[in-house]
Amino acid sequence: MLLDRFYNKYIIKGTLVAETPIHIGAGEESLDPIQTDNSVIKDVNGKPYIPGSSIKGALRSYLETLLLSGVDQRFKACLIVNDPCLGDEDEVEKIKRIYQEEKRDRDLDLIVAEEIYRNLCDVCRIFGNPYFASKLKVDDCMLKGDAHLSIRDGVGIDRDTGTAADGKKYDFEQVDAGAQFEFCMSVDNLEPEHEELLKLMVKVLESGQLRVGGKTSVGLGCIRLIDTRAYKIEPTNFRSYLMEGLKEEMRWQYV
Ligand SMILES: [Zn+2]
């Protein structure tokens, strides 16, 4: 299913709880502690938040790792950076050329989009790749109520030996455990068989296994989804959703 017309929309809402402190750097999520901007990312009101892209990235790599381990043979994954299922522009150009030569009667863009989609692994079909827009979207997770921020002592890591380097101390800001954030994720035009993967993602979020931001190797960034509400909008109730918003009868049973 491409995104050229409406088939369905899944919406997952709830609250994210920081199970451990979170550090999502205001600069970027650099692995190098020396390079990291040491304050946490904040919204226009100065409150910390979790960028939707951080959650999406964590979900994607969780799913990639899981499916590449071969735990579920029905679904395929690729390594989007090192070994993508549809990688270089040559491949896309080849698809375009074949269709330009053979089928002039249909909308070429749509044909090429369909052909690209057919070549994608299951993870790229949901999360997108450079040639195909993502079906899954996570809103930035804004803070609910208040959060406590603290400055933490870090130990500098010697990059040559991987051990703590003498006297190299640096401080970083963290959002303390217990902070709560609004969560809203949506998926458009999900394939029926991919419902399984969406359910899995909700379960992973609820299990507290997912980690976001930096310094996850020292235990930071554990988040857990609570108060989950899942909805499924189809062509039959799409108009009602647009006019009146989400309602009880649109609930989706994800368990
Ligand atoms: Zn892929």
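Select Glu195 and Lys232: their side chains form a salt bridge, with N to O at 3.2 Å. The term means a side-chain nitrogen of Lys or Arg within 4 Å of a carboxyl oxygen of Asp or Glu. Glu195 is in helix H5 (residues 195–207) and Lys232 in strand S7, 37 residues apart, and the pair links distant parts of the chain. Helices (H or I, at least four residues) and strands (E, at least two) are DSSP runs, numbered from the N terminus. Glu195 is buried, at a relative accessible area of 16%. Buried means under 20% relative accessible area, exposed over 50%, and partly exposed in between (1.4 Å probe, protein chains only).

This is a predicted model, in which local features need pLDDT of at least 70, side-chain atom pairs count only at pLDDT 80 or more, and totals for chains, interfaces and linings use all residues. Residues are numbered from 1 along each chain as its sequence is written, and side-chain values use heavy atoms, leaving out hydrogens and water.

Next, select Glu19 and Arg224, a salt bridge whose closest N and O atoms are 3.2 Å apart. Glu19 lies in the loop between strand S1 (9–18) and helix H1 (52–68) and Arg224 in strand S7 (residues 223–233), so the pair ties together parts 205 residues apart in sequence. Glu19 is partly exposed at 38%, and Arg224 is partly exposed at 28%.

Last, go to Arg251 and Glu248, which meet in a salt bridge (3.4 Å, N to O). Arg251 is partly exposed at 35%, whereas Glu248 is exposed at 56%. The whole structure holds 13 salt bridges.
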